[in-house]
Amino acid sequence: MMLGGAAGNLFDRVRLGEVTDFIDFPSYPAFNVADSSLTIAIATVILGYLVFAPKAKPAPDENAGADG
C-alpha cells in the first residue's frame, strides 16, 4: 500500500507536474486514493507494531540468589 500510494503520487507528479486531489470535503484537506493508501498503510504498520511487538522481559534480579 505504501509503495502503491507513493507510486501513484509520483506518477501524477511526473505526468502532470502536480498531484491531483479529487476528493474535497468542506473544512477538511483535499486528498486522493494514493494519499489514503499511504495513510492506511502507515497506520497499519504502527498498530501492528504496538500490538505484535515482543514484550521486553524484566532483567533478573542480581540480589536474589539461591537462598532468596
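Buried here means under 20% relative accessible area, with exposed over 50% and partly exposed in between, using a 1.4 Å probe and protein chains only.

A word on the source. This is a predicted model, where local features need pLDDT of at least 70, side-chain atom pairs count only at pLDDT 80 or more, and totals for chains, interfaces and linings use all residues. Residues are numbered from 1 along each chain as its sequence is written, and side-chain values use heavy atoms, with hydrogens and water left out.

Now the overall picture. The protein has two helices and zero strands. Those are DSSP runs numbered from the N terminus: H or I of at least four residues for helices, E of at least two for strands. Of the 68 residues in the protein, 13% are buried. Take the contacts with a separation of 6 or more: 43% of them join residues 24 or more positions apart. Contact means heavy atoms within 4.5 Å.

Next, the helix pair. Helix 1 covers residues 2-16, and helix 2 covers residues 33-52. Their axes come within 8 Å and cross at roughly 155°. Axes are lines fitted to C-alpha atoms, for helices over the stretch in contact, with angles from 0 to 180 degrees between N-to-C directions. The two helices are therefore roughly antiparallel. The cut-offs: under 35 degrees is roughly parallel, over 145 roughly antiparallel, 65 to 115 roughly perpendicular, and the rest oblique. The crossing is left-handed. That is, the near helix is turned anticlockwise from the far one by less than a right angle; clockwise would be right-handed.

Which residues meet? From helix 1, Met2, Gly5, Ala6, Gly8 and Asn9; from helix 2, Ala34, Asp35, Ser37, Leu38, Ala41, Ile42 and Val45. By class, that contact has seven nonpolar, four polar and one charged residues. Ala, Val, Leu, Ile, Met, Phe, Trp, Tyr, Cys and Pro count as nonpolar, Asp, Glu, Lys and Arg as charged, and the others, Gly among them, as polar.

Back to Ala41, in helix 2. Beyond its neighbours within four places in sequence, Ala41 contacts Met1 and Met2. Leu3 is 38 residues away from Ala41 in sequence, and 9.4 Å away C-alpha to C-alpha.

Ser37 also sits in helix 2. Ser37 counts as buried, at 15% relative accessibility. Leaving out neighbours within four places, Ser37 contacts Met1 and Gly5. A polar side-chain atom of Ser37 lies 2.9 Å from the backbone oxygen of Met1. The C-alpha atoms of Ser37 and Met1 are 5.6 Å apart, across 36 residues of chain.

Last, Asp12 in helix 1. Asp12 is buried too, at 13% relative accessibility. Not counting residues up to four places away, Asp12 touches Gly17, Glu18, Val19, Thr20 and Asn32.

Note on methods. A polar contact is a pair of N or O atoms within 3.5 Å; within protein, one must be able to donate a hydrogen and the other to accept it, and residues adjacent in sequence count only if both atoms are side-chain atoms.
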